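Hello,

Here is the structure I promised to pass on. Please open it and keep it in view while you read my notes below.

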Amino acid sequence: MGRALGLINDAVRYDTTLGPIVQSLGAALAELEEAQRRLNRYADGLESDPSRLVEVEERLDAIKRLCRKHGASLEGVLKKRGELESELATLENRTEILEELARERQVAEVRARESATGLSRARAACAGEFSAQVREGLAGLALGKAAFEVRITPGGALRPEGTDEVEFFFSANPGEPPRALAKVASGGEASRLLLALKRALADSDGCGSYVLDEADSGVSGAIADVVGRMIKEVSGHRQVLCITHLPQVAAYADAHLLIRKGLKAERTVSEVVPLAAGDERTRELARMLSGVEVTREALGAAEALVRSAHRAMGGAPRPRRDPAPGGGSRGRLRRSA
């Protein structure tokens, strides 16, 4: 620009019309020189540090690797760093933490053993009464000579249920010493003992419903009637669903559900049918008594069973029945023997 201005200044001496151009070029040259001065000042203020550039690039590369390793964004990596720092602090202070935990454990164990001691005293206080109630129930199930007792061995290891070893001992035959229940009870005896246990626990058991799957197995005749009566008594405290093949037991039920199998679309299906009180229920009891063919004698015996069960329970009124859709009636299950 300076050389061009010098040449045109020489030319003005020969052609004065170039004068305005000289002025324009002079102004442009002044602007360029000012811009150059500003750029120089700017360049003087910049820091040129190649090692810092390498450091920044390496840090960015490390951050990218961490994001790929943990499968997270930068925020997720920072969160993970906080977790690792907390874990590291725990490891560095592990001695103090373990000592504090040991003190807490010792305090908790003292309190737990105090609770276990109280539980042992409560067990010892009620074991005798509970055993007497079970023996009373066994007497009603034709096991009046049976022996039953609760043996409590204290001082064992501390467990969630205390420090006692509690075991039921049973003997069905007079003269035989009681032995551990699991080793001596036969099928029928175990069923009757189960009922006696449930009857004794009816007022305090935390379970709201009992499901008895053929708890009357191994019994028949008069004993079956007693079993039905006892299940009925238990149902006064808890809802009972009893699966049975004995009409003597089914006669005590508040509601009777018939379970039957059949073919549907060439597949075997099970169906639960509520039986209406009256003819439907009496007929099913008769079928349980006589088999496939229901005879008049079987119907009469079924009616007698229902009347007998009704009288045995003090002639209490039958459960209220609500009309079923389409006419007829179905028993409402309030309690079930």
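The axes of helix H1 (residues 2-12) and helix H2 (residues 19-45) come within 10 Å of each other and cross at roughly 160 degrees. Axes here are lines fitted to C-alpha atoms, for helices over the stretch in contact, and angles run from 0 to 180 degrees between N-to-C directions. So H1 is roughly antiparallel to H2 (the term covers angles over 145 degrees). On the H1 side, the contact (heavy atoms within 4.5 Å) is made by Gly2, Leu5, Ile8, Asn9 and Val12. H2 brings residues including Ile21, Val22, Leu25 and Leu29.

This is a predicted model: local features need pLDDT of at least 70, side-chain atom pairs count only at pLDDT 80 or more, and totals for chains, interfaces and linings use all residues. Residues are numbered from 1 along each chain as its sequence is written, and side-chain values use heavy atoms, leaving out hydrogens and water.

Next, the cores. A nonpolar core is a set of buried Ala, Val, Leu, Ile, Met, Phe, Trp, Tyr and Cys residues joined through side-chain atoms within 4.5 Å. Buried means under 20% relative accessible area, with a 1.4 Å probe and protein chains only. The largest core has 15 residues. Among those touching the most other members are Leu195, Leu212 and Ile231. Helix H8 (221-234) is one of its suppliers. H8 gives the most, with five residues. Another core, of 14 residues, lies apart and includes Phe130 and Leu143.

Last, find Thr163. It sits in the loop between strand S1 (147-153) and strand S2 (165-171). Thr163 counts as buried because its relative accessibility is 9%.

Best wishes

Key. Helices (H or I, at least four residues) and strands (E, at least two) are DSSP runs, numbered from the N terminus. Angles under 35 degrees count as roughly parallel, over 145 as roughly antiparallel, 65 to 115 as roughly perpendicular and the rest as oblique. Buried means under 20% relative accessible area, exposed over 50%, partly exposed in between (1.4 Å probe, protein chains only).
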